[in-house]
Amino acid sequence: MNVEHLLFGAAYYAEYLPYERVEQDMEMMERAGMNVIRIAESTWSTWEPKEGEFDFSKLKQMIETAAKHHLNVIVGTPTYAIPTWLVKKDATMLAVTKNGQELYGHRQNMDITNPTYLKYAKRMIEKLLDFVVPYPNVIGFQLDNETKHYGTAGERVQKMFVESLKTQFPDIDEFNREFGLDYWSNRINRWEDFPDVRGTINQSLWTEFEKFRRGLVTNFFQWQADIVNAKKRPDQFITHNFDFEWHDFSYGLQPEVNQYDSVKCMTVAGADIYHPSQEHLTGAEITVCGNIARSLKKDNYLILETQAQGNTEWLAYPGQLRQQAYSHIANGANSVMYWHWHSLHNAIESYWKGVLSHDFSENATYRDVTQIGHEFQKIGDKIKNLKKTNSIAVLVDNESLTGLSAFPLQTTGSYSYNTVLRWLCDCLYRNNIEFDMVSSKEASYSNYNCLIVPALYSATDTLLHTLDDYVAQGGHLVTTFKSGFSDEHLKIRHDMQPHILNKCLGIHYDQFTYPEHVGLSFVSEEDAADASSFAGEKNTSDMDSCVKEWMELVTCDTAAPVATYRHPAWKEYAAITKNEYGKGSSLYLGCYFDADLLEKVLIPYVKDAIVTQYAFPVILKRGKNDAGNEVLFYFNYSWENQEITYEFENATDLFTESRISTGDRFTLKAWDVKILEVGR
Amino acid sequence: MNVEHLLFGAAYYAEYLPYERVEQDMEMMERAGMNVIRIAESTWSTWEPKEGEFDFSKLKQMIETAAKHHLNVIVGTPTYAIPTWLVKKDATMLAVTKNGQELYGHRQNMDITNPTYLKYAKRMIEKLLDFVVPYPNVIGFQLDNETKHYGTAGERVQKMFVESLKTQFPDIDEFNREFGLDYWSNRINRWEDFPDVRGTINQSLWTEFEKFRRGLVTNFFQWQADIVNAKKRPDQFITHNFDFEWHDFSYGLQPEVNQYDSVKCMTVAGADIYHPSQEHLTGAEITVCGNIARSLKKDNYLILETQAQGNTEWLAYPGQLRQQAYSHIANGANSVMYWHWHSLHNAIESYWKGVLSHDFSENATYRDVTQIGHEFQKIGDKIKNLKKTNSIAVLVDNESLTGLSAFPLQTTGSYSYNTVLRWLCDCLYRNNIEFDMVSSKEASYSNYNCLIVPALYSATDTLLHTLDDYVAQGGHLVTTFKSGFSDEHLKIRHDMQPHILNKCLGIHYDQFTYPEHVGLSFVSEEDAADASSFAGEKNTSDMDSCVKEWMELVTCDTAAPVATYRHPAWKEYAAITKNEYGKGSSLYLGCYFDADLLEKVLIPYVKDAIVTQYAFPVILKRGKNDAGNEVLFYFNYSWENQEITYEFENATDLFTESRISTGDRFTLKAWDVKILEVGR
Amino acid sequence: MNVEHLLFGAAYYAEYLPYERVEQDMEMMERAGMNVIRIAESTWSTWEPKEGEFDFSKLKQMIETAAKHHLNVIVGTPTYAIPTWLVKKDATMLAVTKNGQELYGHRQNMDITNPTYLKYAKRMIEKLLDFVVPYPNVIGFQLDNETKHYGTAGERVQKMFVESLKTQFPDIDEFNREFGLDYWSNRINRWEDFPDVRGTINQSLWTEFEKFRRGLVTNFFQWQADIVNAKKRPDQFITHNFDFEWHDFSYGLQPEVNQYDSVKCMTVAGADIYHPSQEHLTGAEITVCGNIARSLKKDNYLILETQAQGNTEWLAYPGQLRQQAYSHIANGANSVMYWHWHSLHNAIESYWKGVLSHDFSENATYRDVTQIGHEFQKIGDKIKNLKKTNSIAVLVDNESLTGLSAFPLQTTGSYSYNTVLRWLCDCLYRNNIEFDMVSSKEASYSNYNCLIVPALYSATDTLLHTLDDYVAQGGHLVTTFKSGFSDEHLKIRHDMQPHILNKCLGIHYDQFTYPEHVGLSFVSEEDAADASSFAGEKNTSDMDSCVKEWMELVTCDTAAPVATYRHPAWKEYAAITKNEYGKGSSLYLGCYFDADLLEKVLIPYVKDAIVTQYAFPVILKRGKNDAGNEVLFYFNYSWENQEITYEFENATDLFTESRISTGDRFTLKAWDVKILEVGR
């Protein structure tokens, strides 16, 4: 979905204000250059304080005052936090999870399949829509918020799961075989005997249940979209605020939702991205999670939430907030919306601070936001609807994520998959190689020159054949340890590993271990020299114990070893291999190792995608704007000034309107950004 | 309450003896110079082995044998551990907490508001009193023991809580507003809809529940005091064994009890203090917790329990036990009573050892105790009822403690408040500046020259105005980050921070963060020089990263900065400020930083209170005895001999009766104590 | 039980195969030199897929195919994993533990006293036996698998416990006295008042409950043995797969089972031993746990499970698997059986890999196994039924283990007892001193020259008198801190410590603490010099803080101090003492200290048992074979070649058939083994 202008604003909660100040707030927003607010997504109890009594007066005030101050409105359906009276009416809607039944209090505590919940939620949404749809400045709707399955595992949900298994496996013997249920007498001979799945020690069964629950989320979105579509104006969009695996911040692919399926019922993908700040701000999360968001509809996306002041440790250094905003836009976002406008005076998110602090004064953050807002007003139309054409894609797969949570690497637990994903993506990011994400459900990847496939632990034969064919037809495949190891039900393959892929990779293995004091020996002399100097420069890798988390004892069939293991017991085995296959080639990373050495292996392999010799902390991002011109964004993620020699075609600096020519030099100051429009 | 002689003794449990030896034990006690025992507080099942059958034969034997050996008796009401038959009768008295219902076994597992429990407890207390009151050597009663609310949160207790809220908030809308319940749809529109508070994510609600539960404890004490008062002789006192926040030892203010309210129904405050030993003995806990005890009735207090051998790691070095005893007395205690006489042969406290080991032999601890007992007999009357006149007070506040547990500093969790309290108190203690504690509920603090207010996170306008007025009228206020931040219901203030106090402090701030690689730059050159050398000497503070846990970005209005932040992003902001205001002044610590640098800032500010140049490990404590003479206690908390030049008026050494004159030098040996009576 | 040939094989689960390959598997086994499989112990749901419907077709196939390939079969009774239909029938058989009721899923989740479970289990066993007993190649039966009580603590089990207490204590007052229940009002005046034992804070009660539950396990074995004995052929043996305390690997004595009682109903002891590998392989677990297994029937034992590839971190270096196999045999095992043949394709043990990987190819492990199998075929008869005559024994005691779990050392928690056990045993092992284990229930230990008694925390007077008498009659006793401290109900002794033993040890103590910065001073000058150089050589012990976990302040009565504490406060006390008593002597270790210093103290004391000057990583094991010849096994547990001068009588190398004479030198390569038969 293209936008007319960049959307810039914040989530706004008049309901939470300690005193009446909607007019003042919106006057401040307008003054800061904001043009949109997001409202209503967590305040059911305000709109329906008692069963069947609706009160939209606050909503009316917010929307009408917004209109006066030229602010558009995105309305969220308020279904992810339920009112006290509703729970009192029917407490069974509190989800039963692995830990028993939820207590009331936190949001997202309900069973999203509970009929009473759904009945009342539907009425709530319909009443809300009847009220807000006619307002011209209401431009779109957000379905629910950060929806997940919340661990729902009550009796009714488990029955639904068994029904879904029955459909999938008409023959119960086949079900037992595929899931290996003879093990420890877990065999189920009659569907009626199905035990409480919460106690299972069979990861095939558990991850199947997870997949089923991701399906519940998809269904929930479709159900809401149907309600909204029946009421909304054609020009109003539908979106959702997708979030990511959480690691004290947005980290990687979300395990509880199949976002590719879920987004189908929406007009435009939305997301929230929160990330480390201060010394730890790198822009990597904005890129990795933003790329997932961009991949959902293969289109621009909305940032519906990101940090203003955020958590206590996130208070931005001067300049960082502006850098973050342009980083989102440079990645293909069409909005920057803060969570949230004002800081809360009670409850659990009181220290997750908004643009304004608790005193509502014009603080440093408001001044930074105002600068961004005014700049967007000036140059926003030159950088909106930015289109990217990347030759590299990274494949993401939720079944593999769940599979690696069940059978994790040595120390990374449920983050195992995203650890590998980030290892690869961050390597690209830091070397200024832009990439797309792609779903594992695509029919073909032939539009990419290079496809990077992290730890594809759980895969169908179809997918593996697609990858094999991709290489045969001239693609360049990078993949890692664990790929192809088990099927779609997490049953480990019983033939040569990596299943099917061994052909295009030209290798096989039948053993693996956790590395202890294991290093890498590069095979070619140049490589060896490089690696030492490389490690020396970065001063982080110990060549004698740089292998971590996982190592496979790889034997080369047609492949050539890039590196072998430096260890007396495993020195005969390959650690990293390259193979020519059909019209293409492949690179196999048979172990996890230090990130600085990964650069040495991966970057040369994807050399076609290299556009600049600069690397982190200088980050360059590019895209084509509405005028068809290429826009270049330079970021400096450090306290040190960076001297840049401009290496592209003549361009115009969008902030200063000054011209820059190939070979010119300029300085990027600490935490600064420079935006150039090429060919103008 | 003044005592005739220092009380010296131990808790005694004839019930727990593996064989009959009451006569032998009391003979040993008398021989050791003991004159008091405390009995009965945890042995309900011995006095009432079956419902309604009472057997006080062991009690009779203990009291009568005690009389024979000139031992007084303090009798505890046995209500903090319930008999098996009572629970079998009505299991609902086992408290329902956040973790579900308690199992029988440990003490303090009951709901202190349960009617059945209260009914049987009342009868037990009355029967006990009928039996023991007439004995002349029974000198007082301890109500229950280390009473708390034990996390009681069952349905009935929650209903009582809702009733208390109804009374406090006749208008339910006002309740919703003050507690910010619109957030996440937590709004309660009818009191009947009140959800289970155990699930709440609203810290205002949770801390209000904690306050309510502290009220239950106060009521429980009053209820017991009424029962005891109806039976006891006028000369018999009522006390309680208050304890402190536990951090493997007595650490600071007790969160579960409002001791200032609770003590009102008692004659004299009592307490137990347990503390690190061996290399870790500093005397700080004896002072900090002792000062709280002394503040409860602004009078001398009883130490009803402290360690003899104590936990395995606490076995005292030679000399330490004696030093500890005098440390209590020097702080205003009128008793030293060990927990306990003999070590237990079964159950969970078998390794919390008493004076005697399990073999009842005369061990090293008994010999140390005997030395103390004989010294008390000789010099006790010169050091009992010691009165202190301190010009400095430290304000303590339970609502702020609970508030900071809910919104803690970066790493200190539920200990956040006491961490700040100890940071300030220990600084005074180590520099030999004696101080009082005062409750936050006082009407005025004008009797103190300097008032130190740690992290007053939750405060009424009234209290903050009292502090403002204190400074205006000539007081010197030291306060810290977080003070004034939220109101009495933990609603964060929505005007300039620190709310109300910004005037007398002459500063404001609207942002804060966790410090990472943040140091301090002292503003005046002398300060800077001092700070470097100071840090150098102590060799602990890294001036570039000495700021920890919390930092506020302070702007000076009328105040002068003492230190600013050493960090490129925050260098414009003040970290520590001083202000002149009205007839007084204030010192604001806007961040938490290394303790050795705190000395540099705090000690000069309170310089009027400095009486000696000696500092830890030499500790000096003072007070006026019954004769009106000043008594000086010198302690050496180290293995190294300390050479002291005596700097006060001529005095007499109470142990040797030798005279000492101003300017004389003496040696304090390892872990030794010297006591001088001035002007005699 | 003597064997005709060494048993060599694996656990085999045709039920778990992803496709039919029994014939192929067994052909591979036979080719690898295997001669036995173990089957059936966890597959009830396969044999009885629905209630009362039995299907032994897979069993038939396995046994008959095995016969064809000359493989014997050990059949396990399939009672440690229950089918889904059985739980659906009666969910009460899922054990109620401290954490509530078990969910279905994992094995060993049942209450082993549940009548429904027992009824159906009996029928299952009988049907199975009817089917398999007649097969000639079925050589024995394993009762259940790794049986324990699984924490069962439901109402019925607790009633059984109370009944057992009633029998033990006809006088309830005596029960209260012995268990010290007056403490915290825990007194029980009527057995009907007995509270839920899961909440108890009385360790005497809890450990008594543990002892009772170990009794349930013994009864369960007897019940199964009775069923099997009624059906089996006389030549078929009964065994069980005993396991050990688990510390990520087999660590020491099993707390939940009294193996000495349990084994009585069996023909031969069986065990599983899993151990660290790669850099961490030392052979110590194979020896310590193997010695326990050998002690159960004072006879050779079966290794029914040990790792093939095992857990991911256990993948053996080249040579290690062979070394492990001979290490078991050299210790007196008559079998080496891997768990398991093939790696599993689903569920929780998918990464606990067997001989074959998931792809069933001939991998490195299979090749190692084949070498072992062929060697066993060649030399097995020379090393089977190996008999050992050791002059040293280490006494093990389950009550002391449980007691030290309840009252642990400073940091070792529930592993405290086994930590001390391993400290002593590993010292012997590393110095090539072979030893027996003996139960604490023996009537006399006079057949051993030296008896080593680790931390005998809980002991009857009878046992302590036996030890006293042992020394008096000429034995040499080594014992440690904590021994004799409490009685059989964990009531701490109330006379001189160590109770009764103080006489033969010639010492006493009444205080102890956790050591902090405490070292050892050796008393004799030679000792001091040795100790320094010793510590110096090994470069690990810090003489100033080598004491850890526990220290007793020991006073010598008749004993002579070997070492005193190096610490200003405790320097008067002995740490290690020696005593002459009657015709024997004793060595007391009053504290836990660094293992390298233990060698200095312990090895000289047991010098009679020293047979070689070589020490770890060279390990020597010995035994007499069927021919009455001594067999010597040399192992090199390191990457470095070891040069050995042969110091025994002329012998024959069993692998090469070459002769070796006294004084000859040979080289042991990395992870290699050499086996010599003396006098041939």
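Analyst: A contact means heavy atoms within 4.5 Å. In chain A, 76% of the contacts with a separation of 6 or more are between residues 24 or more positions apart. The model is predicted: local features need pLDDT of at least 70, side-chain atom pairs count only at pLDDT 80 or more, and totals for chains, interfaces and linings use all residues. Residues are numbered from 1 along each chain as its sequence is written.

User: What share of the 680 residues in chain A is buried?

Analyst: Buried means under 20% relative accessible area, with a 1.4 Å probe and protein chains only. Buried residues are 68% of the 680 in chain A.

User: How is a pair of aromatic rings described?

Analyst: By the distance of the centres and the angle of the planes. Rings of Phe, Tyr and Trp (its six-membered ring) pair if their centres lie within 6.5 Å; planes under 30 degrees apart are stacked, over 60 edge-to-face, and the rest tilted. The whole structure has 184 aromatic pairs over all chains. The ring centres of Phe169(B) and Phe179(B) are 5.7 Å apart and the planes are at 80°, so this pair is edge-to-face. Phe169(B) is buried, at 6% relative accessible area, and Phe179(B) is buried at 0%.

User: Why is the pair of Phe175(B) and Trp191(B) tilted?

Analyst: Their planes are at 40°, with centres 4.9 Å apart, so the pair is tilted. Phe175(B) lies in helix H7 of chain B and Trp191(B) in the loop between H7 and helix H8 (203–229), 16 residues apart. Helices here are DSSP runs (H or I) of at least four residues, numbered from the N terminus.

How values were computed: Chains lettered and ligands numbered in written order. Heavy atoms only, no water. Buried < 20%, exposed > 50% of the residue type's maximum accessible area, 1.4 Å probe, protein only. Helix = DSSP H or I, 4+ residues; strand = E, 2+ residues; numbered from the N terminus.
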